[in-house]
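Keep the 3D view open as you read.

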Amino acid sequence: MAKHPRIDLRPSPYIHSPLTVEKIMRNVVYALLPLVSFSVWQFGISALALILVTTFACLGTESLFCRLSGKANSLKDYSATITGLLLAMTLPPGFPLWMGAVAGFVAIAMGKTLFGGIGFNVFNPALVGRAFVQAAFPVAITTWTPALAPNRFVEFIPSTLALPFMKPAATAEWSAHVVDGFSGATPLALMKFQGIMTDSQSLFLGLTDGSTGETSALLILLCGGYLMWRKMLDWRIPASVIFGTAITAAVFYFYDPSHYPSPAFMIFSGGLMFGAVFMASDMVASPVTPLGIFIFGLLVGFLTVIIRLFGGLTEAVMYAILFGNAATPLIERYTQPSIYGARKKEDS
Amino acid sequence: MGLLDFFSRKTFPHGIHPPEYKAITQHKKTLRLPFPERVILPLAQHIGAPAIPIVHKDQYVVRGELIAEPSENALSVPIHASASGSVREIDLMPGPKGSKVMSIVIDTDPSSPQIPVSGKCQDYTRMTPEQIINAVKQTGLVGLGGAGFPSYAKMLLPKDRRIHTIVVNGCECEPFLTTDHRIMLEKVDDLIRGIQIAMKAVSAERSIIGIEDNKLDVLEAISPRLPADGRIQIEAVETKYPQGAEKMLVKSLLGVEIPSRGLPSEIGLAVFNVATLAEMGRLLPRQQGLIERIITVTGDDLTHPGNYVVPVGTPLQDILDNAGFTGQEAEIILGGPMMGLPVASFETPVTKSTGGVLILDQHAYKPKDILPCIKCSLCLQACPINLNPSELGMLANKRRYDVMEAQYHLNDCFECGACSYVCPSNIPLVQYFKIAKTLNRERHIQNG
């Protein structure tokens, strides 16, 4: 034996699972890439530009705040990248780029670093950014452009390149010009204001217009499935959100099928699938307790349906999830797990 | 193992599946190492009051001779000389827990044949339960699985309690360790006799040997030799950490839970480790004291990893020399990689409850930066007790140790380390909990 070997001292356990935060976050980015690609294929260079702008806005903001607070640069944990990508996926494809940058800045600055950075955000940062631009730019965020426009890979949507604080170019005429008869209404808006149902199959495949990355439920499920298989995404959250949506929608549907949409429509339209799989499952802002996760999901699903049917907005998933985030500490407080061998009150 | 067995196999909820690393030593027959130049015998190798030395400096003692008596009126067991030689000193020596502890140091006599002394043969079948329990105490036997709880004390029951079933723990769920595995293959007769002794001592009707299903060769070795009356059974449970914790094994085998912070005897059970019972079966009929044990020496940088019989009190230096340690920088651990104790000195001795010596170098997990908790809930899904380690960890960060105890069941944590193992943020959760428990204990003492 070597004469004076060095002994390293460390508390137990001495071995560790290979899963790290950085690895989880990196894989979430991988899982988002197919969605990103699909959205670029659907909406062309405008979507690509928007995705790049929000992502770099988030990374830049994170970097800036790390420097201001004198903390080690936290870009390498990929969490800001995820926020940027998630944010872009929820915005309309023709969203002016400068507004995208604002959304990215607000998401990280107000949604994350203000609370103390990774691990401390009360709300999903991407949704904070989106909520801000929803309030600040109500027109731009509800202006939809057609998917699969013929010139999408060579021509920007006119509103994309709008200058800051200038009135964006009218996209309605452009949209009508590129695709005949484009109404500018998403399936949810059609349902809400005109009572027209889009069939569930095209919703499921995502060949409709809508936000940049939210259209294909199938692709979202595949990407989410990958993460669940790698144990990097808790399947219980999307499952309970979808379950909550389905049962709430079913109650209305069976009460009056001619007036209310079917549960399948509710699940596959708008941002529900994306919200359930990628937004509600933000680990930090959702409960950790088994019962808490279930209640959280039910609450988000329930609120989504209620806001969609009775609120002033067509899209409700964002507010439902933000509300669920806010309720998380309360939910956790009352859903602490019962321990092994717990004694009944009287015998302890 | 068929598909049906796979789904119906017995287990407990939660837990983790770390790599096993048992292939290094599991097929190696137990060998005896040469006697070390000196043995170091701490007076407290068990839970309870330290034993009281009855020898003095320079006194010649014979292997197996009683050298320290149990402290009276307290939980305590005697200590026997593990090698013939002269008492060098009774002084503070490095202990397995890091701090120095009172120990008897014996210089081994190189000319001695090292034949152990033993008492008259005794037939346990003709002894009363009280006589058996007392005889077990005289052997100095403690739980060899790691806790070091005096074995006789498990059999001493309050009048209103009865034990109907003895659970024999052969899980050995810690990665790397193969001591119990070898004992179950090589010491079947001792083990069965030990089980029968324990059953007689507490008048139990039956006993179940629980093994993890990564040791099915044990099933083949033991099943044909079980007594025909069917009172001793053997069953395989899922290979999962911490299956070998008594709370988990009881749940897996019998579907019952030991009440929070209570003893198995509250629900009519007693749980013994296989190594403990095999020693009981060997020592009690000969009235011998516990003077040696089997350890697994394994891990990295060893030319001769294996399962070895060593005298209790053998310093690590001797063990590492014999196992051919070649490393320059390593972690040395007494026990397994999940719950073992880190060692800071090569003079630290193997004690009665040391199950293995583990060297980690290439396999060692290099600690990375601790990140904030991202509330991934992996720790909740790992905790076998169903605690909320995430919340406990955040409370520990805020030093709310009182809340951890009062509202989040801190004291139910048995420190298995599953939460730390899975934490993707590298938070040393179990370390936080140990600190919190210690500070709470001090606070309770101060407050009377």
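A quick word first: the domain bounds used here come from an automatic or database domain assignment. Also keep in mind that what you're looking at is a predicted model.

With that in hand, chain A splits into two parts: domain 1 covers 20-143 + 145-183, and domain 2 covers 185-334. If you take the centres over C-alpha atoms, domain 1 of chain A and domain 2 of chain A sit 20 Å apart. The two domains touch each other, with 34 residues of domain 1 of chain A and 28 residues of domain 2 of chain A taking part in the contact.

So what does domain 1 bring to that contact? On the side of domain 1 of chain A that touches domain 2 of chain A, the elements giving two or more residues are H1, helix H2 (45-69), H3 and H5 of chain A. Which of them gives the most? That would be H1(A), with 12 residues. Sort this side of domain 1 of chain A by class and you get 24 nonpolar, nine polar and one charged residues.

Now let's zoom in on pairs of helices. Two packed helices are described by the angle between their axes and the distance between the axes.

Take helix H1 (residues 21-43) and helix H3 (residues 79-90), both of chain A: their axes come within 10 Å and cross at roughly 25 degrees. Angles under 35 degrees count as roughly parallel, and that's why H1(A) is called roughly parallel to H3(A). Their crossing is left-handed. To find the contact in your viewer, look on H1(A) for Met25(A), Val28(A), Val29(A), Leu32(A), Leu35(A), Val36(A) and Ser39(A), and on H3(A) for Ser79(A), Thr81(A), Ile82(A), Leu85(A) and Met89(A). This contact of H1(A) with H3(A) has nine nonpolar and three polar residues, but no charged ones.

Next up is a pair made of helix H5 (residues 125-136) and helix H14 (residues 317-333) of chain A, which pack at an angle of about 130 degrees with their axes 10 Å apart. Because of that angle, H5(A) is oblique to H14(A). The crossing of H5(A) and H14(A) is left-handed. Here H5(A) puts in Leu127(A), Arg130(A) and Ala131(A), while H14(A) puts in Met318(A), Ile321(A) and Leu322(A). In this contact of H5(A) with H14(A), five residues are nonpolar, none is polar and one is charged.

Note on methods
Residues numbered from 1 in each chain as written. Chains lettered and ligands numbered in written order. Predicted model: local features only at pLDDT ≥ 70, side-chain atom pairs only at ≥ 80, totals over all residues. Axes fitted to C-alpha atoms, helices over the stretch in contact; angles between N-to-C directions. Helix = DSSP H or I, 4+ residues; strand = E, 2+ residues; numbered from the N terminus. Parallel < 35°, antiparallel > 145°, perpendicular 65-115°, else oblique. Left-handed = near helix turned anticlockwise from the far one by under 90°. Contact = placed C-beta atoms within 7 Å. Nonpolar A, V, L, I, M, F, W, Y, C, P; charged D, E, K, R; others polar.
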